Amino acid sequence: MKQDNLMEKIASLCKRRGFVFPNSEIYGGLQGFYDYGPLGVEMKNNLKQLWWKWFTREHENIVGIDGTIIDHPKVWEASGHVQSFVDPLSECKKCHHRFKSDDIITKTCPDCGGELTDPKNFNILMSTELGVIEGEKTRAYLRGEACQTIYLDFKNVVDSTRIKIPFGIVQIGKAFRNEVTPGNFIFRQREFEQWDLQWFTHPSEMDKWFEFWKAERMKWYQSLFNDQSRLTFYQHEKLVHYAKKAFDIQFDGREMEGIHWRQDWDLGRHSEYSGKDLTYEGYIPWIVETSGGVDRTFLFLLMDAYTEEKDRLVLKLNPKLAPYKVAVFPLVRNKEEITKKARSLYLNLKSQISCVWDDRGNIGKRYYSQDEIGTPWCVTVDYEKDSVTVRDRDTTKQERVDISQLDSYFQNKLK
Ligand code: GAP
């Protein structure tokens, strides 16, 4: 399927079934802003929890923080964003559309053929004001990358825990960029979420840890996607001056996460700008960063899961990510004893596992509806006293399972 076509289909499914909505839609929408709906927030939370558990429980020496969106304005001077977080753009003199200079091949507008201006720099840091008195407000920035808060808390983490180098700090949080060309659904937004590891190491071990995290992160993504051949590394050739190497993990050739060699740049700059000593045992630790987009991963997982079959549309999501794990149906609607038994089974399961009730239409329609949102198992309660049927989303096969075994049946599947 062509990529743009697939993206359109996914955006439409997301809206129709409550995964993602355009923000402020009743006012005509706001470009680059999206809300997660009832199913989307379940899936996104599942994704973030998997990420968090993987770092903090399946690795050692990693702790988390949850920092603010607005930091001291000097942070963004020290980080270099005030001076250099810019996109060079050319504007069409006729239709006034703006284009990233990187995307322009000729001096004429791709939209109307008009003449383009020379590239000008646009800063994409988003600003706000602090204070209540007009004329005395100070400018602050919504963080352009979430990782800066980790550097600000580095010393506090070291001082308040018994953690020793090498160690990592992880965080999942919002970042804001005044992207000039937001688009491709939730691929490029102005408000989005990042998940970061900042791994602090002695300089002598930098290479080893860079390679370790590069491989680990790829393995993690591979564990979630069906078609691993769509995940690749891209090696950057143009590097910032302090970086020895940089890689992206891509899905279908589009960036999902960056593995960055940040060296002592960040702590060094914050030390210089704040005048505070950020050394550890006499040296500034070097940093390996893995910084990915939660929304992009969410989008790519949907693209990977989206499957059109002859008579159904199915989201083959990893069950751990699916918004609902189980749907419970009564076989027929007009038999009180079946409905009662099904309701009680549903209420029981619901306290253990994410579950949804469905008694609309016929069974075929209910399967269709659950396939479309990726529910891995549908339980139908029928005339059998002690057992139910469980239908598998991917194989569409059904099997009989004892009601007393149902809990452990699903827990085993989810292991
Ligand atoms: N701290 C490093 C950093 O921010 P980045 O490559 O600019 O690096 C990391 O961003 C990740 O954040 C990207 O790989 C991408 O997944 C996500 N990201 C960046 N800009 C985004 C945007 N405008 N909308 C959605 N996700 C974005």
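Visitor: Which residues are closest to the ligand, and how many surround it?
Guide: 19 residues surround the ligand, and the closest are Glu145, Gln189, Glu255, Met256 and Glu289. A residue counts here if one of its heavy atoms lies within 4 Å of the molecule. Mind that this is a predicted model: local features need pLDDT of at least 70, side-chain atom pairs count only at pLDDT 80 or more, and totals for chains, interfaces and linings use all residues. Residues are numbered from 1 along each chain as its sequence is written, and side-chain values use heavy atoms, with hydrogens and water left out.

Visitor: How does that shell divide into nonpolar, polar and charged?
Guide: The shell has 4 nonpolar, 6 polar and 9 charged residues. Asp, Glu, Lys and Arg count as charged; Ala, Val, Leu, Ile, Met, Phe, Trp, Tyr, Cys and Pro as nonpolar; the others, Gly among them, as polar.

Visitor: And which element gives the most to the shell?
Guide: That's β13, with 5 residues. Strands are DSSP runs of E, at least two residues, numbered from the N terminus.

Visitor: Switching topic: where is histidine 81?
Guide: Histidine 81 sits in helix α4, residues 81-84; a helix is a DSSP run of H or I, at least four residues.

Visitor: Why does histidine 81 count as buried?
Guide: Because its relative accessibility is 8%, and buried means under 20% relative accessible area (1.4 Å probe, protein chains only).

Visitor: What does histidine 81 touch?
Guide: Leaving out residues up to four places away in sequence, histidine 81 touches Trp76, Asn123, Leu125, Glu145 and Gln148. Contact means heavy atoms within 4.5 Å.

Definitions and conventions
Buried < 20%, exposed > 50% of the residue type's maximum accessible area, 1.4 Å probe, protein only.
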